[in-house]
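Thanks, everyone, for making the time this morning.

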Amino acid sequence: MDTETDWVYRVFEPHGSEGWRPYGSDPERWQGVITASDSTEGAKYAIGRIVGDLMTEWERTGLHHAMHVRVFLWHDEAGDMEEADFIVEVRPRSDLGAA
């Protein structure tokens, strides 16, 4: 029987030699919880929603605003970056604005 779980996520952007910082001018928008199945399929669903939201945001503001980010996903509750259950890097092509 498939049960549901909370997948906690946070999106970070590179910050030079300091490592990673919360993404965007409103970091609260890029962290939260998505409830989905307690399986790798549920995690894929959660990551897909987050990446879809990022793409929608970039299309709305102009694709030249698309940037390299990391999406961290934890099962049940957030922890340290190193303890994330899934980490997905999104690296938009640098020529997106020309498309």
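This is a predicted model: local features need pLDDT of at least 70, side-chain atom pairs count only at pLDDT 80 or more; totals for chains, interfaces and linings use all residues.

**A walk through the model**

Let me begin in a loop: D76 is found in the loop between strand 4 and strand 5, where helices (H or I, at least four residues) and strands (E, at least two) are DSSP runs, numbered from the N terminus. The phi angle of D76 is near 80 degrees, which is a positive value in a residue other than glycine. D76 is partly exposed, at a relative accessible area of 44%; on the scale used here, buried means under 20% relative accessible area, exposed means over 50%, and partly exposed is in between, with a 1.4 Å probe and protein chains only.

Residues are numbered from 1 along each chain as its sequence is written, and side-chain values use heavy atoms, with hydrogens and water left out.

Now the overall picture. The protein has one helix and five strands, and read along the sequence these follow the pattern β-β-β-α-β-β. The C-alpha trace spans about 50 × 30 × 20 Å along its principal axes. The radius of gyration, taken over C-alpha atoms, is 14 Å, which agrees with the value near 13 Å that a compact globule of 99 residues would have; that globule rule is 2.2 Å times the number of residues to the power 0.38. Of the 99 residues, 30% are buried. Taking contacts between residues at least 6 apart in sequence, 58% join residues at least 24 apart, where contact means heavy atoms within 4.5 Å.

As for the surface, the accessible area comes to about 6,300 Å², and 47% of it belongs to carbon and sulfur atoms; these areas come from the Shrake-Rupley method with a 1.4 Å probe, and for residues only the protein chains shown count as cover. There are 9 positive and 20 negative side chains, and the centres of the two sets lie 8 Å apart. In that tally Lys and Arg count as positive and Asp and Glu as negative, with His and the chain ends not counted, and the place of a charge is taken as NZ of Lys, CZ of Arg, CG of Asp or CD of Glu.

Which residues does W74 contact, once its neighbours within four places in sequence are left aside? W74, placed in strand 4 (residues 69–75), is in contact with D6, W7, V8, Y9, R10, G79, D80, M81, E83, A84 and D85. W74 is buried, with a relative accessible area of 3%. Its C-alpha atom is separated by 9.4 Å from that of V33, 41 residues apart along the chain.

Leaving aside neighbours within four places in sequence, A43 is in contact with W7, L73 and F86. The C-alpha atoms of A43 and F86 are separated by 8.0 Å, with the two residues 43 apart along the chain.

Let me turn to the salt bridges, each being a side-chain nitrogen of Lys or Arg within 4 Å of a carboxyl oxygen of Asp or Glu. By this rule the count comes to six salt bridges. One of them joins R29 and E57, whose closest N and O atoms are 3.4 Å apart. This pair links distant parts of the chain, with R29 in the loop between strand 2 (20–22) and strand 3 (31–37), and E57 in helix 1 (residues 40–61), 28 residues apart. R29 is partly exposed at 37% relative accessible area, whereas E57 counts as buried at 17%.

K44 counts as exposed, at 54% relative accessibility.

Finally, E89 lies in strand 5 (residues 86–90) and, leaving aside neighbours within four places in sequence, is in contact with H68, V69 and R70. E89 also forms a salt bridge with R91, the closest N and O atoms being 3.2 Å apart. E89 is partly exposed at 34%, and R91 counts as exposed at 59% relative accessibility. Elsewhere, salt bridges that share partners join R29, E57 and R60 into one network.
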